[in-house]
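Subject: Structure for your files

Hello,

Here is the structure I said I would pass on. Please look it over before you read the notes below it.

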Amino acid sequence: MGLAKTEIFTDLQNEIALYAKVFGHPARVSILQHLFKIDTCVCGDLVNEIGLAQPTISQHLKELKNLGLIQGTVDGTSVCYCIHKENWTQMKEVMLKFLDQDLPKADCC
């Protein structure tokens, strides 16, 4: 398989692609929805809520945290996560600018 060649694209294009990738799995979407629904930090009860194994949940949390959409704290063996509100707002601004691009006025096909 070839390299992604992300270096030939702008920082903004790479940022948009990373956001799209993180939303590309329903488990991550479900985790985010749950965090918004409870509107507080969650500590370890995602397995029952989402229905996936703990290692799988942990991997999805890691993806969300690496992108900065969630934040977490370690308290002994428990890790608590919540939405990183500032980064979420920044992501929304980037994605809305991308999604709100006007379509060409002329018929193309």
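This is a predicted model: local features need pLDDT of at least 70, side-chain atom pairs count only at pLDDT 80 or more; totals for chains, interfaces and linings use all residues.

Residues are numbered from 1 along each chain as its sequence is written, and side-chain values use heavy atoms, with hydrogens and water left out.

Helices (H or I, at least four residues) and strands (E, at least two) are DSSP runs, numbered from the N terminus.

H5 (residues 85-99) has 15 residues and spans 21 Å from first to last C-alpha, close to the 21 Å expected at 1.5 Å a residue (1.5 Å times one less than the number of residues). Its buried residues (under 20% relative accessible area, 1.4 Å probe, protein chains only) are Trp-88, Met-91, Val-94 and Met-95. They lie on the same side of H5, because their arc around the axis is only 130 degrees (taken from the directions from the helix axis to the C-beta atoms). Lys-85, Glu-86 and Lys-97 are exposed on the face turned away (exposed is over 50%). The cover over the buried residues includes H1, H2 (26-38) and strand S3 (78-83), contact being heavy atoms within 4.5 Å.

H1 (residues 11-22) packs on H5 at about 105 degrees, with the axes 10 Å apart (lines fitted to C-alpha atoms, for helices over the stretch in contact; angles run from 0 to 180 degrees between N-to-C directions). The two are therefore roughly perpendicular (65 to 115 degrees).

H2 and H4 (residues 54-67) pack at about 75 degrees, also with axes 10 Å apart.

Regards

How values were computed. Angles under 35 degrees count as roughly parallel, over 145 as roughly antiparallel, 65 to 115 as roughly perpendicular and the rest as oblique.
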